[in-house]
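Take a walk through this structure with the model open beside the text.

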Amino acid sequence: MVQAYRLLSAEQYKHGYDYPLHLGVTEAGEGEDGRMKSAIGIGALLLDGLGDTIRVSLTEDPEYEIKPCSRLAELGMEACEKKLGIPEYKEQKRDFTDFARRSGALPEQREGDEVDFRGLLHRDGSVITHVSLDDLKRGERLYRDLGCKLVVGMPFKDIASTDSIFLREVPHVGDAESRVHLKRLLESGMGVLAPVKELEKNPLRNAVAIVPLKDALARANADGTIPLPEGAGRFAVTLDGTESEEEVKGLKGLDAVMAIFSIKDGVSRLHASRRIFDIMALNEDMTAVVHHIIFNGADKEEIALVGGSEIGGLLVDGNGDGVLIESPDFGPEFLRLTSFVMLQGSRMRNTKTEFVSCPSCGRTLFDLQEVTAQIASRTGHLPGVAIAVMGCIVTVPERWRMQTLVTWWRSWKDRSLCRQGACPTWHSGRGSVRCLDSADQGPRPLVEPERSRSLPSQWQLEEM
């Protein structure tokens, strides 16, 4: 969607047209997922100055679409009114006509390493979760909040575990309880990142020191390493978007495991980040990039809408290898899950079932929200599976060509829709269909074939 609108806008500029653009993410779903997808698609374009009217499409009562829609409109207007941007520069490597995801270099294991540093980042998109000193006191609760599975009380990474944690403060060397929990997380393959000044005060073995880029360049040795606090195993650098071109070019010569974009307030995150990516591309610098955003006093909806617009807008363009959301108002579990929603909405790392569902419009002749909730309760544990729940009588199955099962609910009140009578219908992405006797059958026909990873032979294509 984002690329299509940019191509359309480019064509309008070329021909001197000025037709208004209407933005909308159709069938975004519900809850945080629906708001995140809407922000990634709509917000990214609004922050670029594209879009005249918008519509947020959620599988919720229509009045609940108003607030996120209004907030996205505000974000676009604020960017224009405050003239958020950066000093003019000429893009040389960004090509909006051709999508190609930038894949940063992943950390490598070295001889003598005491822990596995390869788990710091994930190839499909990384999640770094902020953890406070209070969180470190919670033991097994913290492990679960970070998405770990427990074996005899010991944490192990799972499919939706955070890849690394970020400590704004490091526990004192005398805090044995907190340091035991950190040691167990490190041994599970989870990275621990902390500001270099904190590690100088309270050294932590095998931690990753976070150093501002300018300081790292000033302290760098000839081989790209820098002096590290006692026990630290690697270092990462932070950029605030105001670095000079020469400073950004100097990043390539450093031995940093990642670059963390913590964009300064008052600077356009979208455009400052693009400028840095452009310089890195010209310099053939493949350092992994993690986007860091901080929220103070924001509610869950605000985090989804602003985070999706500013960071999701970069990720959906293929720029970025991970995300770090920091908020003192929420614990590690919410921050981790929101980060994974952002990655999945940006078509990166897939850790749960993808639901695509209609808004509750007048063309839907059954309780779409109830049916969606029923299906989600039985199929929400299937990462990599995309399920569409459709209630629209004017849509055709050919719209959906997904790699796995796709569910298509059709109205059962209009007998003309199905040659077998009035009933809802299941459609797979490959054109297979099965009509149900009643809605009470629920998602069973979907779940059972999924367990065997094959479609039943009796599913026949319905005559349209």
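How much space lies in the largest cavity? About 50 Å³. The model is a predicted one, and its structure holds two cavities of 30 Å³ or more.

Start at the largest cavity. Its lining consists of Asp33, Lys37, Val341, Gln344, Gly345, Lys352, Thr353, Glu354 and Phe355. Which elements each supply at least two residues of that lining? They are helix 2, helix 11 and strand 13. Helix 11 gives the most, with three residues. By class, the lining has four charged, three polar and two nonpolar residues.

Two of those lining residues deserve a second look. Lys352 and Asp33 both line the largest cavity, and they form a salt bridge with each other, with the closest N and O atoms 3.0 Å apart. The pair links distant parts of the chain. Lys352 sits in the loop between helix 11 (332-345) and strand 13 (354-357), while Asp33 belongs to helix 2 (residues 31-46). The two are 319 residues apart.

Now move to the second largest cavity. Its volume is about 40 Å³. The lining is made up of Val115, Asp116, Phe117, Gly119, Leu120, Leu186, Gly189, Met190, Gly191, Val192, Asn206 and Val208. Seven of these residues are nonpolar, four are polar and one is charged.

Most residues other than glycine have a negative phi. Asn206 is not a glycine, yet its phi is positive, at about 70 degrees. The residue lies in the loop between helix 6 and strand 8. With a relative accessible area of 11%, Asn206 is buried.

Glu284 lies in the loop between helix 9 (269-282) and strand 11 (289-294). Its relative accessibility is 62%, so Glu284 counts as exposed.

Return to the charge pairs. Side chains of opposite charge can pair when their charged atoms come close. How many salt bridges does a search of the whole structure find? The total is 33.

One of them joins Arg205 and Glu114, at 2.9 Å from N to O. Arg205 is in the loop between helix 6 (196-201) and strand 8 (208-212), and Glu114 is in the loop between helix 3 (66-81) and strand 3 (126-131), so the bridge ties together parts that are 91 residues apart in sequence. Arg205 counts as exposed, at 51% relative accessibility. Glu114 is partly exposed, with a relative accessible area of 49%.

Another salt bridge stays within a single helix. Asp145 pairs with Arg141, the closest N and O atoms being 3.4 Å apart. Both lie in helix 4 (residues 140-145), four residues apart, which is about one turn of the helix. Asp145 is buried, because its relative accessible area is 6%. Arg141 has 49% relative accessibility and counts as partly exposed.

Charge pairing also extends past simple couples. Arg35, Glu60, Lys67, Asp299 and Glu301 are linked in a network of salt bridges.

Next, look at a strand residue and its neighbors. Thr238 is found in strand 9 (residues 234-239). Its relative accessible area is 18%, under the 20% limit, so Thr238 is buried. What does Thr238 touch, leaving out residues up to four places away in sequence? The partners are Ile210, Val211, Pro212, Leu213, Glu243 and Ile260.

Finish with confidence. The protein averages a pLDDT of 84, and 83% of the residues score at least 70. Where does pLDDT stay under 50? One such stretch is residues 396-442, for which the model has 135 contacts beyond four places in sequence. Another is residues 449-464, with 34 contacts beyond four places in sequence.

Key. Residues are numbered from 1 along each chain as its sequence is written. This is a predicted model: local features need pLDDT of at least 70, side-chain atom pairs count only at pLDDT 80 or more; totals for chains, interfaces and linings use all residues. Side-chain values use heavy atoms; hydrogens and water are left out. A salt bridge is a side-chain nitrogen of Lys or Arg within 4 Å of a carboxyl oxygen of Asp or Glu. Buried means under 20% relative accessible area, exposed over 50%, partly exposed in between (1.4 Å probe, protein chains only). pLDDT is the predictor's confidence in each residue, from 0 to 100. Contact means heavy atoms within 4.5 Å. On a 1 Å grid over the protein atoms alone, a cavity is a set of points where a 1.4 Å probe fits but cannot get out, and a pocket is an open set with protein on both sides within 12 Å along at least five of seven lines; lining residues have an atom within 4 Å of a point. Grid points are joined across faces, edges and corners, and a volume is the space filled by probe spheres set on the points. Ala, Val, Leu, Ile, Met, Phe, Trp, Tyr, Cys and Pro count as nonpolar, Asp, Glu, Lys and Arg as charged, and the others, Gly among them, as polar.
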